[in-house]
Amino acid sequence: MPELTYRDALRKALADSMAENPDIILIGEEVGRYGGAYGVTKDLIKEFGPERVIDTPISEPSIVGAAVGAAMTGLRPVAELMYVDFLGMTMDQLANQAAKIRYMFGGQIGVPMVLRTQGGTGRSAGAQHSQSLEAYVMHTPGLRLAMPATVADAYHLLRQALTRPDPVVFIEHKALYTMKEDVDLDAPVPPWGKAAVRRHGKDLVIVTYSRQLHYVMEAAKTLAAKGIEATVIDLRTLNPLDFDTIREHVERVGRAMVVSEGAMTAGVAAELAARISEECFDFLEEPVIRVAGEDIPISVSTGLETGSVPGPQLIAETAGRMLA
Amino acid sequence: MSKKSNSDLLGLYRTMRRVRTFEERVGELFVRGQTAGSMLHLSIGEESAAVGITAAMKPQDTFTTHHRGHGIFLARGADPNRMMAEIGGKEAGYCHGKGGSMHIADMSLGHLGANAIVGGGIPAVVGAGLAARHKRNNAVSVAFFGDGATGQGVLYESMNMAALWGLPVVFACINNQYGMGTRIDQATANTNLHERAIAFGLNGESVDGLDVEEVAEAARRVVDGARAGKPGFLAVSCYRFYGHARKDKSPYRDAGEEETGRQRDPVAFTRARLIERGLTPEADLDTLDAEIGAEMDATIDFTIAQKEPPLASMFRDVFDPEEPEPEPVRTRLNRVLATE
C-alpha cells in the first residue's frame, strides 16, 4: 500500500477527477504557478494547463461568484478559498447565490461546484487564519459540507464531492496536510454521507470530525488503559448528516459526547448535542456533553492557541468524569 | 447613425411597448392585491436599455439581471403569463412561486437569474464567460445591473477578471439615476461610469437611453467586441419614472424633477419617430398598442386563475431531486414526541 500524505491525497483526487472529467476547472488565488498556499495543487497547471488551473487576483467574492456562473453553464468548478476565515468575504456568493439558486429558480438548475478551503488551528496563524467556521456553512440550507479527517477520506470525499449535483464546501484541516497513512485507494469506500465508526466500545459514544478525530482516538486509547471503552464516530460529512449511525450507537451505549474544534456557542457540537438529546433522551444515562472550542478568538501564541481548542487530555478527562 | 429599416425600429418599439405595458399591469396586479408582496421594482422609463441591449444578443448568450429586471427578461422572449404568475407567487410561474419578481430565471432563454442582492449577479457572468471559452460555444454573457451596483466591490473584481482573461462578457449598467433614494451624484464623485471600465481595460461606452436606436448600436459594438475577446461595459442613461418599489412615493425628489425626467420617455420618443419618419401610420401604432394592452391584460386574468403552490413543495429543490428532502419540522416533532 502506498504511503500518502493528506496533501498528496487531495492533489491526487483533483488530478484523477480532472483527468476523467474535462469540465472540471480549478480557480483561486495561487492555485496555478504557486501550486496552492499549502501545496495541494502543485504542478496541476503543468498537467492540465492554465485554462483549467486558473490563477486569480485576490478577489474572493468574485472567485466564488465565477464558480457559481461556471457551474450554471456547464463546468464543474473547484474554487479554492485559501483560508476558511475568508468565508465572510464570499458569503453573499456562497449563501445567497450558490446555496439558493436551485430553490429560488424552482429546480431549473443546480450549482455543482466545490469550494475547497482549509481551517482550524495548529500553525500559530492567528485570529484571522485559524478559525473553524463550519457552523456558518452547516447553518445555510442548500450547501453540502465535507470535512475529511483521514488521508483516505481526503481522497475519496473530494472525489465524491466532484460528482455531487449540489454545491459542496470542502474544509480541509491545515494541521493535517503532512499527516501520512498507508492507504489502499482501491479498498471499498463508504458512500457519500455515511459516517465511519472508527472504534467500537460499550461505555461512551464520542461523535467528532476533522482533526479532532485524532485527538479523540488518542483520548480513547488513554481511556481504554483505564478500562473505559469508547465508540468513536467520524462524521466525514456534516451535510448530509448521518444521524442514523449516531442514533444507533447512542441508543446502544447510553452516553454521548460531541467534540468539535469550532467555538462552543451555537456551533456544530451544539446542534449535534441537541439532536441527540431530543431523539435519544430515553436511552441517555446523563446529559450529552459538548467539548468544543472556547468562545474566544484564536491567539498567535502557541500556548494560547492550543489552549483555545479541545485536546486529548481534556477529552479523556471529560469522558472519565462522565463515567465516574 | 445608420439608417434603420421600418421593421427594425417598429420591432424595437413593439418590444418596448410590451415592456411598458407589462410593468403597468404589474402595478395593477399589486393594486388588486394579487402580487406576492410589494417588493416590485418597475423599469418604466428604462425600456430602451432592456430592448436595445437584448437586441444585440444571440440565442446562445446568457445573462443575469438585477431586481429591476422584468423588462430585460421580457425583451429576451419570456412568456408574460408565466412571468406574471411568478410575480403573483403562483405554481404556474417560471419558478413555481418560489422566486417571484426578484428571483425569476429561465435557463432555456439563457437567463441565469434575477438577483435581489445589489451586484450579486455580476460575478456569475465571469464564470459563464470562462465556460463559454472552455466549451468554445461563442456565447457572450451579459450582467445587467443598476447604477447602485457601481458601489459594490464585486463589479470591479469581475471587470478586472474579465479584462485580464479577455472573456466574452458585457457589464450593462442601467443608470436610472437612483439607487433606491440616493441619486447617483450623491453616491459617487465621477458619474462618467464607463470611464471606470476603460481604466480596467474594457471597452467602455455611455449612451443616452432616450434613443433606443443609439442604445442598440452601442450595444452591438460592445457585445460584438466581447464576442471577439474584448469584454465591454455599457452605461445607459435613463430616468426611473416611479419610486424604488411599489410603496415608495419618492419623497426624496421633487415633482419638478420627476416631470422633467418623465419627458425623457423612450417609448413615446420612438413612437413619435416612427410617425415622423413616415415609417408607421399613427393609426397602426394605436392598433398595436391596443393589441399589446389586451395581451398584457390577459396576464392578470391568467395569474389570478392560477393555483398557489402546494405546501409540500416547500421542501422540494433545496437539493437535487435524487436526494432526500429535508425533514419537515412537524414530521420530526411527531417522531421525537411519539409515545410508545
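Let me start with one residue, Val183(A), which sits in the loop that joins strand E8 (180–182) to strand E9 (196–199) of chain A. Keep in mind that this is a predicted model.

Is Val183(A) buried or exposed? Val183(A) has 20 C-beta neighbours inside 10 Å, and a residue is buried if that number is 20 or more, so Val183(A) counts as buried.

What does Val183(A) touch, leaving out residues up to four places away in sequence? The answer is Met1(A), Pro2(A), Leu4(A), Val151(A) and Ala152(A). Glu3(A) is 180 residues from Val183(A) in sequence, yet their C-alpha atoms are 6.3 Å apart in space.

Next, the nonpolar core. The largest one has 194 residues. Those that touch the most other members are Ala67(A), Leu158(A), Val142(B), Val170(B), Ala172(B), Ala219(B) and Leu234(B). Helix H1 of chain B, residues 6–31, gives the largest share, 9 residues. In chain A, domain 1 (3–182) and domain 2 (196–322) both contribute residues, so the core lies between them.

Take Ala172(B) from that list. Apart from neighbours within four places in sequence, Ala172(B) is in contact with Ile53(B), Val142(B), Ala143(B), Phe144(B) and Leu234(B).

Last, the two chains together. Here 38 residues of chain A are in contact with 37 residues of chain B. On the chain B side, strand E2 (111–114), helix H5 (122–135) and helix H6 (153–165) each supply at least two residues. H5(B) provides the largest share, 10 residues. Sorted by class, that side of chain B has 20 nonpolar, 11 polar and 6 charged residues.

Definitions and conventions: Residues numbered from 1 in each chain as written. Chains lettered and ligands numbered in written order. Predicted model: local features only at pLDDT ≥ 70, side-chain atom pairs only at ≥ 80, totals over all residues. Contact = placed C-beta atoms within 7 Å. Helix = DSSP H or I, 4+ residues; strand = E, 2+ residues; numbered from the N terminus. Nonpolar A, V, L, I, M, F, W, Y, C, P; charged D, E, K, R; others polar. Core = buried A, V, L, I, M, F, W, Y, C linked by C-beta atoms within 7 Å. Buried ≥ 20, exposed ≤ 12 C-beta atoms within 10 Å, placed from the backbone. Domains from an automatic or database assignment.
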